[in-house]
Amino acid sequence: MLAPSRSTAVLLRSSGICRCLFTSQSRRCAEPRFLWNGYLLEPLIENKVRLGFQSIHAEVRSEKVNVTLIARRCTRRIGTRMWRRGADPEGYAANFVESEQIMQSKGFTASYVQVRGSMPFLWEQIVDLTYKPSFDVVRVEEARRVLERHFHDLQKKYGAVVAIDLVNTHGGEGRLYDRYAKSIEPILSEDIRFVHFDFHKICGHIHFERLSQLYDQIENYLKKHKYFLLSDKGEKIEQQTGTARTNCVDCLDRTNVTQSMIGRKLLESQLQRIGVFGANDTVSNFPDFDANYKVLWANHGDAISTQYSGTPALKGDFVRYGKRTTQGILNDLWNALARYYLNNFADGTKQDAMDLLQGHYISSVSRDMAAPVKAGLLDNYAYSTYQRKTT
């Protein structure tokens, strides 16, 4: 079901921080959910858009290994941290990001896609100058319907879904967890699973190695639904038939630590499969590769966090170095204070700008100006071609 797109295959031919021209040809391969300047492109449909991603290169036992990590942030419920929470009535979740990890070695290409997104029901957190404004579940009676729409959409795009919830079981987060668990219960099945893991209670602030307890709960699911794999002859060997959907409250810090763990486990499985790793090898057995891989995921988390919260991710030292450090804890304190300032005094204006970018607000400076292009032109075109490409 899930495979790298044609445009992704082209991107992989380059190294480092790369850029791709979004031309008329590549537009036909685009998934409109992740085309952020689609509204602005409508009157300039033949212009070019640039896409960035990051990759690392390593040598393992004389074999070259390339790993690329791409983030695609959905445009459907855009916004900043305190100003966009939960899902809208159509089931689109805030801060929804699709992360694709692609590995190339010995002529083989492997890919794994996982997603993150806010808890998919109607809830909000109103900025009121307190450090942690209270969480409010809105229109409780609609929670089940909104959540069902969200997961129905995920199933159509990704197949089976395991929902990994990392929030606390007490306080405000506990109320969100309780609503999530109750709303998803009626649709649980072989293809939709729900796993709650109280990250802070189990891992605390320093024992992130205890995430192995979470992996034990999802290992069979990940093995069952596999990953995408092409042979050195271009033949499809494996197909990814399901994805992991991870959330905490912001879908930033705890989420990135967890997703990096899942990505690492899948990468090890892929490298073992093609004979680069031995049966008992892990990324940690190769220090240079391990260090670069950690930086790859740390940068990935920082980029997503900066877009949503205005600061790099918290807990990034563990992702970057494999352990908590004094400097990392001090950085987290500074970034938490910066988030407080931005949430209360800067993000409102930023939210307005993002809504303007997406065409939610349309203004005219002159009565003589031509009417704006009908919203949805490029979105509808790209979506129809994307559907033909994937069916």
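Mentor: Let us begin with a side chain that meets the backbone: a polar atom of the side chain of T306 lies 2.8 Å from the backbone oxygen of D302. The model is a predicted one, in which local features need pLDDT of at least 70 and side-chain atom pairs count only at pLDDT 80 or more, while totals for chains, interfaces and linings use all residues. Residues are numbered from 1 along each chain as its sequence is written, and side-chain values use heavy atoms, with hydrogens and water left out.

Trainee: What makes the approach of T306 to the backbone oxygen of D302 a polar contact?
Mentor: A polar contact is a pair of N or O atoms within 3.5 Å, where within protein one must be able to donate a hydrogen and the other to accept it, and residues adjacent in sequence count only if both atoms are side-chain atoms. The distance here is 2.8 Å, so the pair falls within the 3.5 Å limit.

Trainee: Why is T306 called partly exposed?
Mentor: Buried means under 20% relative accessible area and exposed over 50%, with partly exposed in between, using a 1.4 Å probe and protein chains only. T306 has a relative accessible area of 35%, and is therefore partly exposed. T306 lies in helix α9, residues 287-309, helices being DSSP runs of H or I with at least four residues and strands runs of E with at least two, numbered from the N terminus.

Trainee: Which residues is T306 in contact with, leaving aside its neighbours within four places in sequence?
Mentor: They are T311, P312 and K350, where contact means heavy atoms within 4.5 Å.

Trainee: Why is N335 called buried?
Mentor: Its relative accessible area is 11%, which is under 20%, so N335 is buried. N335 lies in helix α11, residues 326-345, and, not counting residues up to four places away in sequence, N335 touches T311, P312 and L314.

Trainee: Why does R175 count as partly exposed?
Mentor: At 47% relative accessibility, R175 sits between 20% and 50%, and so counts as partly exposed. R175 is in helix α5, residues 171-184; R175 and V137 are 38 residues apart in sequence, yet 8.5 Å apart in space, C-alpha to C-alpha.

Trainee: What makes a group of residues a nonpolar core?
Mentor: Such a core is a set of buried Ala, Val, Leu, Ile, Met, Phe, Trp, Tyr and Cys residues joined through side-chain atoms within 4.5 Å. The largest one has 47 residues, and those with the most contacts inside it include V67, L271 and F289. Helix α8, residues 253-273, gives the most to this core, with 6 residues. Another core, of 22 residues, lies apart from it, with F121, V161, I184 and I192 among them.

Trainee: Which residues does F289 touch, not counting those up to four places away in sequence?
Mentor: Among them are I56, V67, L271 and F277.

Trainee: How many of the 391 residues are buried, as a percentage?
Mentor: Buried residues make up 52% of the chain, which has 13 helices and 12 strands.
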